[in-house]
Amino acid sequence: MNLTMLNTTFENVFHTLPERAFFAPGRINLIGEHTDYNGGHVFPCAITYGTYAVARKREDQLVRVYSMNFAEKGIIEFNLNELEYDKHQNWANYPKGMIRYIIEAGYEIPSGFECVIQGNIPNGAGLSSSASIEVLTGVLVNGLFELELPRLNLIKLGKKVENEFIGVNSGVMDQFAIGMGLKDAGILLDCQNLKYEYAPIHLENHKILIMNTNKRRELADSKYNERRAECEEALAQLQLKLPIEALGQLSEEEFDTNQSLITNEIVRKRAKHAVYENIRTLKALNELKAGNVEAFGQLMNQSHISLRDDYEVTGVELDTLVEAAWNHPGVLGARMTGAGFGGCAIAIVANEEVERFIANVGAAYLDKIGYEADFYVASIGDGAKEIEMEEAL
Ligand code: GLA
(Lines give C-alpha, C1' and ligand atoms only; values in the text may rest on other atoms or scores of the structure.)
Protein backbone atom coordinates (compact mmCIF):
# COMPACT_ATOMS: atom_id res chain seq x y z
CA MET A 1 0.00 0.00 0.00
CA ASN A 2 1.24 3.41 -0.77
CA LEU A 3 0.25 6.46 1.18
CA THR A 4 0.24 8.87 -1.75
CA MET A 5 -3.53 8.67 -2.11
CA LEU A 6 -4.05 9.31 1.59
CA ASN A 7 -1.69 12.26 1.55
CA THR A 8 -3.31 13.77 -1.53
CA THR A 9 -6.74 13.29 -0.05
CA PHE A 10 -5.58 14.84 3.23
CA GLU A 11 -4.33 17.88 1.36
CA ASN A 12 -7.56 18.20 -0.62
CA VAL A 13 -9.81 17.75 2.37
CA PHE A 14 -7.91 19.62 5.09
CA HIS A 15 -5.79 22.02 2.95
CA THR A 16 -2.60 21.16 4.79
CA LEU A 17 -0.19 18.23 4.95
CA PRO A 18 -0.31 15.30 7.39
CA GLU A 19 2.61 14.69 9.74
CA ARG A 20 2.43 11.09 10.83
CA ALA A 21 1.19 7.76 9.48
CA PHE A 22 -0.19 4.68 11.23
CA PHE A 23 -1.42 1.20 10.31
CA ALA A 24 -3.61 -1.42 11.98
CA PRO A 25 -4.20 -4.82 10.37
CA GLY A 26 -7.30 -6.98 10.11
CA ARG A 27 -7.23 -10.51 11.45
CA ILE A 28 -8.18 -14.08 10.69
CA ASN A 29 -8.66 -16.71 13.35
CA LEU A 30 -7.07 -20.04 12.50
CA ILE A 31 -8.96 -21.98 15.17
CA GLY A 32 -10.69 -21.34 18.54
CA GLU A 33 -14.00 -19.76 17.56
CA HIS A 34 -16.51 -18.39 20.07
CA THR A 35 -14.15 -19.40 22.82
CA ASP A 36 -12.77 -15.98 23.80
CA TYR A 37 -15.78 -14.80 25.82
CA ASN A 38 -15.92 -18.30 27.36
CA GLY A 39 -12.50 -17.95 28.93
CA GLY A 40 -10.94 -20.32 26.42
CA HIS A 41 -8.11 -20.16 23.89
CA VAL A 42 -8.00 -18.61 20.44
CA PHE A 43 -5.36 -18.83 17.72
CA PRO A 44 -5.65 -15.78 15.46
CA CYS A 45 -3.12 -13.86 13.38
CA ALA A 46 -2.94 -10.37 11.96
CA ILE A 47 -3.08 -10.14 8.17
CA THR A 48 -1.42 -7.65 5.85
CA TYR A 49 -4.78 -6.18 4.84
CA GLY A 50 -5.67 -3.38 7.20
CA THR A 51 -6.46 0.26 7.82
CA TYR A 52 -4.08 3.18 7.23
CA ALA A 53 -4.24 6.69 8.66
CA VAL A 54 -2.35 9.91 8.08
CA ALA A 55 -2.85 12.60 10.70
CA ARG A 56 -1.93 16.00 12.01
CA LYS A 57 -2.55 17.70 15.37
CA ARG A 58 -4.82 20.74 15.57
CA GLU A 59 -4.57 23.78 17.81
CA ASP A 60 -8.16 23.52 19.09
CA GLN A 61 -10.31 20.76 20.61
CA LEU A 62 -11.81 19.47 17.36
CA VAL A 63 -11.32 16.01 15.95
CA ARG A 64 -12.04 15.86 12.22
CA VAL A 65 -11.94 12.48 10.52
CA TYR A 66 -12.42 11.48 6.90
CA SER A 67 -12.60 7.94 5.54
CA MET A 68 -11.80 7.28 1.90
CA ASN A 69 -13.98 4.17 2.19
CA PHE A 70 -16.97 6.31 3.16
CA ALA A 71 -16.13 9.41 1.15
CA GLU A 72 -19.85 10.18 0.77
CA LYS A 73 -20.02 10.87 4.52
CA GLY A 74 -17.45 13.65 4.14
CA ILE A 75 -15.55 15.03 7.12
CA ILE A 76 -17.06 13.93 10.43
CA GLU A 77 -16.31 16.32 13.25
CA PHE A 78 -16.59 16.14 17.02
CA ASN A 79 -15.21 17.95 20.05
CA LEU A 80 -12.96 16.36 22.65
CA ASN A 81 -15.38 17.63 25.29
CA GLU A 82 -18.41 15.91 23.75
CA LEU A 83 -17.73 12.27 23.16
CA GLU A 84 -21.22 10.76 23.14
CA TYR A 85 -22.29 7.98 20.75
CA ASP A 86 -24.12 9.53 17.80
CA LYS A 87 -25.63 7.22 15.24
CA HIS A 88 -25.50 9.92 12.57
CA GLN A 89 -21.73 9.93 12.88
CA ASN A 90 -21.64 6.41 11.54
CA TRP A 91 -18.14 4.84 11.32
CA ALA A 92 -16.65 7.76 13.30
CA ASN A 93 -18.16 6.30 16.47
CA TYR A 94 -15.23 3.85 16.56
CA PRO A 95 -12.54 6.53 16.82
CA LYS A 96 -14.81 8.62 19.01
CA GLY A 97 -15.38 5.80 21.50
CA MET A 98 -11.68 5.01 21.58
CA ILE A 99 -10.74 8.63 22.29
CA ARG A 100 -13.37 8.81 25.01
CA TYR A 101 -12.12 5.73 26.82
CA ILE A 102 -8.47 6.75 26.50
CA ILE A 103 -9.34 10.04 28.21
CA GLU A 104 -11.46 8.26 30.82
CA ALA A 105 -8.51 5.97 31.52
CA GLY A 106 -6.62 9.08 32.69
CA TYR A 107 -4.58 10.02 29.62
CA GLU A 108 -4.50 13.64 28.55
CA ILE A 109 -5.26 14.46 24.94
CA PRO A 110 -4.38 18.17 24.88
CA SER A 111 -5.72 19.04 21.44
CA GLY A 112 -7.77 17.70 18.59
CA PHE A 113 -6.41 16.36 15.31
CA GLU A 114 -7.46 15.62 11.78
CA CYS A 115 -6.93 12.41 9.91
CA VAL A 116 -7.70 10.60 6.70
CA ILE A 117 -8.10 6.86 6.84
CA GLN A 118 -8.33 4.20 4.21
CA GLY A 119 -8.81 0.47 4.64
CA ASN A 120 -8.29 -2.44 2.28
CA ILE A 121 -9.96 -5.01 4.50
CA PRO A 122 -13.06 -6.20 2.66
CA ASN A 123 -15.92 -4.37 4.38
CA GLY A 124 -18.16 -6.16 6.87
CA ALA A 125 -16.53 -9.47 5.99
CA GLY A 126 -15.73 -10.57 9.52
CA LEU A 127 -12.04 -9.72 9.26
CA SER A 128 -12.42 -7.16 12.05
CA SER A 129 -12.45 -3.90 10.17
CA SER A 130 -14.07 -2.27 13.21
CA ALA A 131 -11.47 -3.53 15.69
CA SER A 132 -8.84 -2.38 13.20
CA ILE A 133 -10.20 1.19 13.34
CA GLU A 134 -10.35 1.08 17.15
CA VAL A 135 -6.76 -0.06 17.52
CA LEU A 136 -5.64 2.28 14.73
CA THR A 137 -7.14 5.21 16.64
CA GLY A 138 -5.37 4.00 19.76
CA VAL A 139 -1.91 3.90 18.14
CA LEU A 140 -2.56 7.19 16.37
CA VAL A 141 -3.56 9.11 19.48
CA ASN A 142 -0.83 7.39 21.48
CA GLY A 143 1.75 8.38 18.86
CA LEU A 144 0.58 11.94 18.17
CA PHE A 145 0.34 12.88 21.84
CA GLU A 146 3.10 10.63 23.25
CA LEU A 147 0.77 9.07 25.80
CA GLU A 148 2.87 5.94 26.42
CA LEU A 149 -0.27 3.92 26.65
CA PRO A 150 0.71 0.28 27.26
CA ARG A 151 -0.34 -1.92 24.35
CA LEU A 152 -2.41 -4.25 26.50
CA ASN A 153 -4.42 -1.32 27.89
CA LEU A 154 -5.00 -0.06 24.37
CA ILE A 155 -6.32 -3.50 23.38
CA LYS A 156 -8.65 -3.61 26.38
CA LEU A 157 -9.95 -0.11 25.61
CA GLY A 158 -10.71 -1.23 22.04
CA LYS A 159 -12.79 -4.09 23.41
CA LYS A 160 -14.54 -1.66 25.74
CA VAL A 161 -15.53 0.49 22.76
CA GLU A 162 -17.09 -2.54 21.08
CA ASN A 163 -18.88 -3.67 24.26
CA GLU A 164 -19.99 -0.40 25.83
CA PHE A 165 -19.97 2.24 23.11
CA ILE A 166 -21.18 0.17 20.14
CA GLY A 167 -23.06 -2.50 22.11
CA VAL A 168 -21.61 -5.76 20.73
CA ASN A 169 -20.72 -8.12 23.56
CA SER A 170 -17.59 -9.43 21.83
CA GLY A 171 -14.51 -10.94 23.42
CA VAL A 172 -10.92 -9.71 23.30
CA MET A 173 -9.62 -11.79 20.39
CA ASP A 174 -9.89 -9.24 17.57
CA GLN A 175 -8.26 -6.30 19.32
CA PHE A 176 -5.58 -8.59 20.74
CA ALA A 177 -4.68 -10.08 17.36
CA ILE A 178 -4.61 -6.64 15.76
CA GLY A 179 -2.61 -5.09 18.59
CA MET A 180 -0.13 -7.95 19.07
CA GLY A 181 0.18 -9.57 15.63
CA LEU A 182 3.59 -10.74 14.43
CA LYS A 183 4.65 -11.51 10.86
CA ASP A 184 4.39 -15.22 10.03
CA ALA A 185 3.12 -16.20 13.48
CA GLY A 186 -0.18 -17.16 15.06
CA ILE A 187 -0.95 -16.04 18.60
CA LEU A 188 -2.16 -18.63 21.05
CA LEU A 189 -4.05 -16.53 23.57
CA ASP A 190 -5.61 -17.72 26.80
CA CYS A 191 -8.55 -15.33 27.07
CA GLN A 192 -9.08 -16.06 30.76
CA ASN A 193 -5.78 -14.47 31.83
CA LEU A 194 -4.42 -12.95 28.57
CA LYS A 195 -1.28 -15.12 28.65
CA TYR A 196 -0.10 -15.69 25.11
CA GLU A 197 2.59 -17.25 22.99
CA TYR A 198 3.56 -16.85 19.35
CA ALA A 199 3.72 -19.94 17.15
CA PRO A 200 5.61 -19.62 13.87
CA ILE A 201 3.55 -20.50 10.81
CA HIS A 202 5.69 -21.64 7.94
CA LEU A 203 3.53 -23.08 5.21
CA GLU A 204 6.05 -23.22 2.36
CA ASN A 205 3.87 -25.52 0.27
CA HIS A 206 0.50 -23.99 1.08
CA LYS A 207 -1.36 -20.69 1.09
CA ILE A 208 -4.02 -19.53 3.48
CA LEU A 209 -6.96 -18.44 1.36
CA ILE A 210 -9.69 -16.17 2.64
CA MET A 211 -13.08 -16.93 1.12
CA ASN A 212 -15.61 -14.13 1.44
CA THR A 213 -19.29 -15.18 1.25
CA ASN A 214 -20.24 -11.57 0.48
CA LYS A 215 -23.30 -12.22 2.60
CA ARG A 216 -24.73 -9.13 4.22
CA ARG A 217 -25.14 -9.76 7.89
CA GLU A 218 -27.10 -7.15 9.73
CA LEU A 219 -28.44 -9.72 12.16
CA ALA A 220 -25.01 -10.85 13.21
CA ASP A 221 -24.77 -8.72 16.30
CA SER A 222 -28.02 -9.78 17.90
CA LYS A 223 -27.33 -13.49 17.25
CA TYR A 224 -23.82 -12.99 18.59
CA ASN A 225 -25.19 -11.61 21.84
CA GLU A 226 -27.72 -14.47 21.92
CA ARG A 227 -24.97 -17.11 21.73
CA ARG A 228 -23.10 -15.36 24.46
CA ALA A 229 -26.18 -15.38 26.70
CA GLU A 230 -26.70 -19.10 26.03
CA CYS A 231 -23.14 -19.82 27.16
CA GLU A 232 -23.69 -17.77 30.31
CA GLU A 233 -26.83 -19.78 31.07
CA ALA A 234 -24.91 -23.05 30.64
CA LEU A 235 -22.12 -21.81 32.89
CA ALA A 236 -24.54 -20.79 35.64
CA GLN A 237 -26.12 -24.27 35.65
CA LEU A 238 -22.75 -26.05 35.67
CA GLN A 239 -21.64 -23.81 38.54
CA LEU A 240 -24.38 -25.34 40.71
CA LYS A 241 -21.99 -28.24 41.08
CA LEU A 242 -18.63 -27.29 39.62
CA PRO A 243 -16.26 -24.63 41.02
CA ILE A 244 -15.51 -23.03 37.65
CA GLU A 245 -15.45 -19.45 36.42
CA ALA A 246 -15.63 -20.15 32.69
CA LEU A 247 -16.51 -22.93 30.27
CA GLY A 248 -12.93 -22.81 29.06
CA GLN A 249 -11.78 -24.40 32.31
CA LEU A 250 -13.49 -27.73 31.57
CA SER A 251 -11.97 -30.78 29.94
CA GLU A 252 -14.07 -32.78 27.48
CA GLU A 253 -14.54 -35.51 30.11
CA GLU A 254 -15.63 -33.07 32.80
CA PHE A 255 -18.15 -31.62 30.42
CA ASP A 256 -19.50 -35.02 29.37
CA THR A 257 -19.91 -36.15 32.97
CA ASN A 258 -21.70 -32.98 34.06
CA GLN A 259 -23.61 -31.90 30.98
CA SER A 260 -26.94 -33.09 32.36
CA LEU A 261 -26.81 -30.11 34.73
CA ILE A 262 -27.67 -28.01 31.67
CA THR A 263 -31.42 -28.40 31.32
CA ASN A 264 -32.00 -26.98 27.84
CA GLU A 265 -30.77 -29.17 25.01
CA ILE A 266 -29.82 -26.28 22.73
CA VAL A 267 -27.91 -24.52 25.48
CA ARG A 268 -26.11 -27.81 26.18
CA LYS A 269 -24.96 -27.98 22.54
CA ARG A 270 -23.66 -24.41 22.70
CA ALA A 271 -21.63 -25.22 25.81
CA LYS A 272 -20.33 -28.42 24.25
CA HIS A 273 -18.95 -26.42 21.35
CA ALA A 274 -17.26 -23.93 23.68
CA VAL A 275 -15.57 -26.69 25.70
CA TYR A 276 -14.55 -28.94 22.79
CA GLU A 277 -13.40 -26.05 20.61
CA ASN A 278 -11.13 -24.82 23.37
CA ILE A 279 -9.48 -28.23 23.72
CA ARG A 280 -9.29 -28.51 19.94
CA THR A 281 -7.37 -25.24 19.80
CA LEU A 282 -4.75 -26.53 22.23
CA LYS A 283 -4.46 -29.76 20.26
CA ALA A 284 -4.09 -27.76 17.04
CA LEU A 285 -1.21 -25.76 18.47
CA ASN A 286 0.58 -28.97 19.48
CA GLU A 287 0.11 -30.43 16.01
CA LEU A 288 1.46 -27.29 14.40
CA LYS A 289 4.49 -27.24 16.68
CA ALA A 290 5.15 -30.88 15.79
CA GLY A 291 4.96 -30.00 12.08
CA ASN A 292 1.78 -32.06 11.56
CA VAL A 293 -0.03 -29.65 9.26
CA GLU A 294 -2.42 -32.38 8.06
CA ALA A 295 -3.60 -32.99 11.61
CA PHE A 296 -3.93 -29.22 12.09
CA GLY A 297 -6.17 -29.11 9.01
CA GLN A 298 -8.34 -31.93 10.33
CA LEU A 299 -8.91 -30.00 13.54
CA MET A 300 -9.94 -26.97 11.48
CA ASN A 301 -12.53 -29.14 9.74
CA GLN A 302 -13.85 -30.43 13.07
CA SER A 303 -14.08 -26.87 14.29
CA HIS A 304 -16.34 -25.97 11.37
CA ILE A 305 -18.56 -29.01 11.94
CA SER A 306 -18.99 -28.05 15.59
CA LEU A 307 -19.78 -24.44 14.66
CA ARG A 308 -22.28 -25.72 12.10
CA ASP A 309 -24.04 -28.39 14.14
CA ASP A 310 -23.66 -27.42 17.80
CA TYR A 311 -23.11 -23.68 17.80
CA GLU A 312 -25.19 -23.04 14.68
CA VAL A 313 -23.46 -19.92 13.44
CA THR A 314 -22.48 -20.95 9.92
CA GLY A 315 -25.42 -20.82 7.51
CA VAL A 316 -25.70 -22.07 3.95
CA GLU A 317 -23.20 -19.59 2.46
CA LEU A 318 -20.29 -20.49 4.75
CA ASP A 319 -21.18 -24.20 4.62
CA THR A 320 -21.21 -24.18 0.82
CA LEU A 321 -17.76 -22.61 0.61
CA VAL A 322 -16.25 -24.82 3.30
CA GLU A 323 -17.76 -28.06 2.02
CA ALA A 324 -16.61 -27.28 -1.53
CA ALA A 325 -13.15 -26.61 -0.10
CA TRP A 326 -13.11 -29.94 1.78
CA ASN A 327 -13.90 -31.77 -1.46
CA HIS A 328 -11.14 -30.05 -3.40
CA PRO A 329 -7.71 -31.64 -3.96
CA GLY A 330 -4.77 -30.11 -2.12
CA VAL A 331 -6.76 -28.74 0.83
CA LEU A 332 -5.43 -29.36 4.33
CA GLY A 333 -8.44 -27.89 6.08
CA ALA A 334 -11.17 -25.26 5.87
CA ARG A 335 -13.49 -23.54 8.30
CA MET A 336 -15.41 -20.35 8.91
CA THR A 337 -13.46 -17.63 10.70
CA GLY A 338 -14.72 -14.90 13.04
CA ALA A 339 -18.26 -14.56 14.32
CA GLY A 340 -19.95 -16.48 11.47
CA PHE A 341 -23.50 -15.89 10.09
CA GLY A 342 -21.85 -14.92 6.80
CA GLY A 343 -18.52 -13.16 6.53
CA CYS A 344 -15.43 -15.19 5.69
CA ALA A 345 -14.06 -18.71 5.79
CA ILE A 346 -10.44 -19.78 5.39
CA ALA A 347 -8.82 -22.73 3.64
CA ILE A 348 -5.25 -23.99 3.62
CA VAL A 349 -4.57 -24.88 0.00
CA ALA A 350 -1.54 -26.39 -1.77
CA ASN A 351 0.29 -23.75 -3.81
CA GLU A 352 -0.22 -25.54 -7.12
CA GLU A 353 -3.98 -25.90 -6.53
CA VAL A 354 -4.75 -22.30 -5.65
CA GLU A 355 -5.92 -21.21 -9.08
CA ARG A 356 -8.07 -24.26 -9.70
CA PHE A 357 -9.42 -24.01 -6.16
CA ILE A 358 -10.61 -20.46 -6.69
CA ALA A 359 -12.23 -21.38 -10.01
CA ASN A 360 -13.93 -24.55 -8.75
CA VAL A 361 -15.02 -23.44 -5.29
CA GLY A 362 -16.11 -20.11 -6.77
CA ALA A 363 -18.23 -21.89 -9.40
CA ALA A 364 -19.83 -24.23 -6.83
CA TYR A 365 -20.70 -21.23 -4.68
CA LEU A 366 -22.19 -19.19 -7.52
CA ASP A 367 -24.20 -22.20 -8.64
CA LYS A 368 -25.75 -22.81 -5.22
CA ILE A 369 -25.98 -19.32 -3.73
CA GLY A 370 -26.61 -17.24 -6.84
CA TYR A 371 -23.93 -14.60 -6.35
CA GLU A 372 -20.16 -14.65 -6.26
CA ALA A 373 -17.72 -15.28 -3.46
CA ASP A 374 -14.39 -13.44 -3.35
CA PHE A 375 -11.01 -15.03 -2.66
CA TYR A 376 -7.84 -13.45 -1.29
CA VAL A 377 -4.48 -14.91 -0.35
CA ALA A 378 -3.76 -14.04 3.27
CA SER A 379 -0.28 -13.07 4.39
CA ILE A 380 0.36 -12.98 8.12
CA GLY A 381 1.68 -9.58 9.12
CA ASP A 382 2.59 -7.41 12.09
CA GLY A 383 0.26 -5.76 14.55
CA ALA A 384 -0.71 -2.08 14.65
CA LYS A 385 2.14 0.44 14.47
CA GLU A 386 3.32 3.84 13.34
CA ILE A 387 4.74 3.74 9.82
CA GLU A 388 7.13 6.08 8.07
CA MET A 389 5.60 8.89 6.01
CA GLU A 390 8.70 9.01 3.77
CA GLU A 391 8.83 5.28 3.26
CA ALA A 392 5.41 5.38 1.72
CA LEU A 393 5.71 8.55 -0.31
C1 GLA B 1 -16.09 -11.88 16.73
C2 GLA B 1 -15.77 -11.27 18.09
C3 GLA B 1 -14.65 -12.03 18.79
C4 GLA B 1 -14.94 -13.53 18.82
C5 GLA B 1 -15.36 -14.04 17.44
C6 GLA B 1 -15.82 -15.47 17.47
O7 GLA B 1 -14.99 -11.72 15.88
O8 GLA B 1 -15.42 -9.92 17.94
O9 GLA B 1 -14.48 -11.52 20.09
O10 GLA B 1 -15.89 -13.84 19.80
O11 GLA B 1 -16.40 -13.26 16.88
O12 GLA B 1 -14.77 -16.32 17.82
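Predicted model: local features only at pLDDT ≥ 70, side-chain atom pairs only at ≥ 80, totals over all residues.
The protein chain exposes about 16300 Å², with carbon and sulfur atoms supplying 47% of it; accessible areas come from the Shrake-Rupley method with a 1.4 Å probe, and for residues only the protein chains shown count as cover. Residues are numbered from 1 along each chain as its sequence is written, and side-chain values use heavy atoms, with hydrogens and water left out.

Turning to the overall fold, the protein chain has twelve helices and twelve strands, where helices (H or I, at least four residues) and strands (E, at least two) are DSSP runs numbered from the N terminus. The radius of gyration is 21 Å, close to the 21 Å that the globule rule gives for 393 residues, so the protein chain is as compact as a globular protein of that length. Here the radius is taken over C-alpha atoms, and the rule is 2.2 Å times the number of residues to the power 0.38. Along the principal axes, the C-alpha atoms fill a box of roughly 65 × 50 × 40 Å.

Of the 393 residues, 59% count as buried (buried means under 20% relative accessible area, exposed over 50%, and partly exposed in between, with a 1.4 Å probe and protein chains only). Among contacts between residues at least 6 apart in sequence, 73% join residues at least 24 apart, a contact being heavy atoms within 4.5 Å.

The charged side chains comprise 36 positive and 56 negative ones, and the centres of the two sets lie 3 Å apart. Lys and Arg count as positive and Asp and Glu as negative, without His and the chain ends; each charge is placed at NZ of Lys, CZ of Arg, CG of Asp or CD of Glu.

As for the cysteines, the structure holds zero disulfides, a disulfide being a pair of cysteine sulfur atoms within 2.5 Å. Cys344 is in no disulfide, since the nearest cysteine sulfur, that of Cys45, is 13 Å away. Cys344 is buried, at a relative accessible area of 0%. Cys191 is likewise buried, at 12%, and its sulfur is 13 Å from the closest cysteine sulfur, in Cys231, too far for a bond.

Lys183 sits in the loop between α5 (173-180) and β6 (185-190) and is exposed, with a relative accessible area of 53%. Leaving aside neighbours within four places in sequence, Lys183 is in contact with Ile380, Gly381 and Asp382.
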